[in-house]
Amino acid sequence: MSKKKEIFVRHARVNGNLLPLRCVKSGTIHDLALAVRDNAKLFDLNSDEIKIHMMHLTLKDDKGNSRKLEFSEPISVIQKNYTVEFNEEQEHTFDIPVRYIGSVNPIRIPYKERDVVSDLSRYIDENIAAFKLAKEVTEKARQGGSEVVLMEIVGGNEEQLHPSTSVRSLDCSDVAFKIKSGARFEVLIKHGTSTNFVRFQCSEDDDVSDLARKIKERIASFNLTNDDVVEVMEKGNVIILKTIASKSGDTSRNLDASEKVTAIDQKKFEFSVRTKESIITIDDIKEKCNDVNIAFVGAPGHGKSSTINTIINALSKLHIPVAETWKGSATGTFALTPHKVHIDEKIFTCIDVPGKTLQQYQSDEGKDKSAKVIRDVFDGKLPANEPLEYWEWYSPLGLAKKAFKRSAGVIHAVAYVHKGVAEPDKLGNTVIEVAQKKGRGIPVFVIITHSDLMSEASVTEAADQITHAMGIDKDRIFQVSNLGYNEKAAGTKNVSKEDAYVQRALFKLLSAADSYKHGGIVNIKTK
Ligand SMILES: Nc1nc2c(ncn2[C@@H]2O[C@H](COP(=O)(O)OP(=O)(O)OP(=O)(O)O)[C@@H](O)[C@H]2O)c(=O)[nH]1
Ligand SMILES: [Mg+2]
């Protein structure tokens, strides 16, 4: 049996092909360096050009991370699919200003082309005296197990740097460091979709954002799917940690990024990712939730009632309880139906406008009278929870009756609900015209439903048609699948991508309604 191992090596400067070198399995990186020298011809070099003491070897793993190899390390650190780059020349040295977080004066730290952030940390650790810090800080740095953490300061915010980030890429950045105490304790963390806990060492100074950083650094330990890994590592996405109830009586709660880990009772956590598009919190929604009324208008069976249900379900992932929800409604809302949604002391109302009634008004005695009804709905002239029959409400008797009924409410924003698989209905244009007529300017949004029955291309096409027909900006058009949504949403509290999308749509609706209510200018037409 061969005791040799094949290692793929490339010349870093020439960046030529990877060439296989055979090394004794039980050897060290120093042996690999000798093997490179002995095979110099393979790399178009002369062996006497290679001075072992000047050689630098860099290990590249299968995920594209790289680090410097020390001669004393065993060959076994080079796993299958890893490669090695070597450089036999004296390296050029640069320097970078780095400051202690509490100080304004940086000192310049020398580094080489290939150095990464962990090299800087090591340098600072070894040369901490050069920073002339307060005695207790220097002492903390000298404690066993203490850690130098580097960060980039961007717009006043600290962004922790990944240890494998190249120092060269930080040229011109404001780089600072802090020192984490050496006292250690352990926490257990798992991903929301898995049961596999990973152990993490924490310092007394660590806060929850440090845990999030450590998760990223050791993402491979969680054995996640590639999609999940991409989601965690994507710039701008945020890792959300929550406690796990381990005994009865405990409750699980979301952790704030700035909480100190030592101060948290439980030491078992679960994480999920909030994608950069989805960072809508219940506080964002609450802020915009100032007793506004949103009308859901559209042809019968296009999914108004279902969409309200979807919205309330998505909101209940952020806050419970909000309002009653219902499941699998069939076509057939016949009264102006307000659904009041409470978030603590705040409230907004989704007003479900029956499609069938509007359709009847569209062809009443051969004329389209729907504009009048829509206008009355928007102006809050029609009562809640009463069948909206034209002949009843627009007869003298009906008008009298109206005066004694409670109004469904004045409208502050409109969600025009359109079944994507259908052609645009002229009802959409009537809604826009009424909403825009003198003095109103009510913001209108479009929700394309039944996207589950459509390809992505046909949803885009439907959105294009609507933009064209109604003159509505693309970012006011949302797409939902109420069918799939309400099935999946039932009974779970985990926020999915679909929830996040619906929450964002609701946030936009509420923001527009709020600024309309408070006299802000809301433009709806793009052309
Ligand atoms: N496949 C699919 N079905 C949907 C979707 N949205 C609604 N539906 C179904 O379409 C039917 C009509 O939905 P509703 O929400 O009752 O429609 P509506 O607009 O309130 O209708 P009216 O109250 O009559 O004006 C129901 O059977 C829903 O389950 C969707 O996104 N996808
Ligand atoms: Mg309905």
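Since the model is predicted, local features need pLDDT of at least 70 and side-chain atom pairs count only at pLDDT 80 or more, while totals for chains, interfaces and linings use all residues. Residues are numbered from 1 along each chain as its sequence is written, chains are lettered from A and ligands numbered from 1 in the order in which they are written, and side-chain values use heavy atoms, with hydrogens and water left out.

Salt bridges come up first. The structure holds 25 of them, a salt bridge being a side-chain nitrogen of Lys or Arg within 4 Å of a carboxyl oxygen of Asp or Glu. One of these joins Lys214 to Asp206, with the closest N and O atoms 2.8 Å apart. Lys214 counts as buried at 8% relative accessibility, and Asp206 is buried too, at 0%. (Buried means under 20% relative accessible area, exposed over 50%, and partly exposed in between, with a 1.4 Å probe and protein chains only.) Both residues also belong to a network of salt bridges that links Lys180, Asp206, Asp210, Arg213, Lys214 and Glu217.

Another salt bridge pairs Arg122 with Asp119, at 3.1 Å from N to O. The two sit 3 residues apart in helix α2 (residues 117–126), so about one helical turn separates them. Helices (H or I, at least four residues) and strands (E, at least two) are DSSP runs, numbered from the N terminus. Arg122 is partly exposed, with a relative accessible area of 40%, whereas Asp119 is buried at 10%.

Then there is Lys474, which forms a salt bridge with Asp464, the closest N and O atoms being 2.6 Å apart. This pair links distant parts of the chain, 10 residues apart: Lys474 is in the loop between α13 (456–470) and β20 (477–479), and Asp464 is in helix α13 itself. Lys474 is partly exposed at 42% relative accessible area, and Asp464 is partly exposed at 38%.

Moving on to the helices, α9 covers residues 370–378, and its buried residues are Ser370, Val373, Ile374, Asp376, Val377 and Phe378. Just after α9 comes Gly380, with a positive phi of about 70°.

On the surface, Lys372, Arg375, Lys381 and Lys437 gather in a patch of positive charge. Such patches are made of residues with over 30% relative accessible area and no salt bridge, like charges being joined within 9 Å. Lys437 is found in the loop between α12 (426–436) and β19 (444–449).

Val104 lies in the loop between β6 (93–100) and β7 (107–112) and is exposed, with a relative accessible area of 70%. Its C-alpha atom is 9.4 Å from that of Ala176, 72 residues apart along the chain. Ala183, in the loop between β10 (175–180) and β11 (184–191), is partly exposed at 31%. From C-alpha to C-alpha, Ala183 and Asp205 are 8.8 Å apart in space and 22 residues apart in sequence.

Note on methods. Patches are made of residues with over 30% relative accessible area and no salt bridge: like charges are joined within 9 Å, nonpolar side chains (Val, Leu, Ile, Met, Phe, Trp, Tyr) within 5 Å. Accessible areas come from the Shrake-Rupley method with a 1.4 Å probe; for residues, only the protein chains shown count as cover. Lys and Arg count as positive and Asp and Glu as negative; His and the chain ends are not counted. The place of a charge is taken as NZ of Lys, CZ of Arg, CG of Asp or CD of Glu.
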